[in-house]
Amino acid sequence: QTIAPAGDRVCAVSPAHGKLVWSVGGPGDGESVANPPQLLPDDRVLITFWGEALLLKIARTGDTLTATEVWRSPRLRAAYSPAIYQDGHLFGFNGPFLTCVDALTGDVRWRHRLYEGTIVGAGGNLFVLSRTSGNIHVVQASPAAFTEITRAAVLTPGSTSMTGPSVAGNRLFLRNSEEIVALAIDGQ
């Protein structure tokens with residue numbers, strides 16, 4: 001199946017013949033999706049729109065697939081990078097807040113104002129690049145509490161960073177609209 005969020009509906013079609021497989025309500029009001037649908041364990045799909053997130057459970061009965069809404073919440077929304085799934089929790093943005101959400105229930109475990117940014121997970125940590133400050137924040141990917149391990153100014157403030165951090169081996173690559181930086185990651 002190919003999953004296609006489209007404003008007022010989220011649909012799945014068969015790539016073999018283009019027929020509709022299932023359809024559920026989207027957020028409507030011209031709301032658009034920013035990140036591709038994310039496949040989660042147990043046949044779940046996370047779809048993040050600019051105003052809310054939607055978690056679906058996909059089930060098969062014989063040859064028929066169905067999608068059921070598990071939860072819908074404005075507490076996790078689309079950002080310039082997809083949410084990070086780790087150990088049953090989602091880490092992502094809700095406007096200026098980095099937020100940890102229980103993937104089963106949609107309940108918020110914690111949120112912390114970091115302002116908008118992009119995020120990638122590696123080695124049990126989250127690497128969060130602020131959108132305009134030029135700061136990188138290394139945060140534990142734990143549902144217990146927001147715990148910042150370190151923070152560093154690495155890019156020129158004021159230039160926009162819309163591309164998420166990238167990790168390759170023991171290097172972290174960061175960029176904004178004017179520059180790119182490679183940093184060594186300790187402990188990797």
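Rings of Phe, Tyr and Trp (its six-membered ring) pair if their centres lie within 6.5 Å; planes under 30 degrees apart count as stacked, over 60 as edge-to-face and the rest as tilted. Keep that rule in mind for the first stop.

This is a predicted model, in which local features need pLDDT of at least 70, side-chain atom pairs count only at pLDDT 80 or more, and totals for chains, interfaces and linings use all residues. Residues are numbered from 1 along each chain as its sequence is written, and side-chain values use heavy atoms, with hydrogens and water left out.

**Stop 1: the aromatic cluster**

Select Phe91, Trp110 and Phe146. Together they form one aromatic cluster. The structure holds 3 aromatic pairs. Begin with Phe91 and Trp110: their ring centres are 6.1 Å apart and their planes stand at 45°, so this pair is tilted.

Buried or exposed: which describes Phe91 and Trp110? Both are buried. Buried means under 20% relative accessible area, exposed over 50%, and partly exposed in between (1.4 Å probe, protein chains only). Trp110 has a relative accessible area of 7%.

Now turn to Trp110 and Phe146. This pair is edge-to-face, with 5.5 Å centre to centre and 70° between the planes. Phe146 sits in the loop between strand 14 (135-140) and strand 15 (148-153), 36 residues from Trp110.

**Stop 2**

Select Thr99 in strand 10 (residues 97-102). Thr99 is buried, at 1% relative accessibility. Show its contacts (heavy atoms within 4.5 Å). Leaving out residues up to four places away in sequence, Thr99 touches Arg75, Leu90, Phe91, Gly92, Asn94, Val108, Trp110 and Arg111.

Next, look at the side chain of Thr99. One of its polar atoms lies 3.3 Å from the backbone oxygen of Phe97. A polar contact is a pair of N or O atoms within 3.5 Å; within protein, one must be able to donate a hydrogen and the other to accept it, and residues adjacent in sequence count only if both atoms are side-chain atoms.

Arg111 lies over the face of the Phe97 ring, 3.8 Å from its centre. A charge sits over a ring if NZ of Lys or CZ of Arg is within 6 Å of the ring centre and within 35 degrees of the ring normal.

**Stop 3: a hairpin**

Colour strand 6 (residues 53-61) and strand 7 (residues 64-73). They pair in the antiparallel sense over 9 bridges; pairing needs at least two bridges found by DSSP. Lys57 stands opposite Thr68 in strand 7. The two strands form a hairpin with 2 residues between them, and Gly62 in the turn has a positive phi of about 65°.

**Stop 4: two loop residues**

Most residues other than glycine have a negative phi. Select Asp42. Its phi is positive, about 65°, although Asp42 is not a glycine. Asp42 lies in the loop between strand 4 (38-40) and strand 5 (44-48), and is exposed at 53% relative accessibility.

Then select Asp87, with a positive phi near 50°. Asp87 is in the loop between strand 8 (84-86) and strand 9. Asp87 is exposed too, at 67% relative accessibility.

Terms used:
Helices (H or I, at least four residues) and strands (E, at least two) are DSSP runs, numbered from the N terminus.
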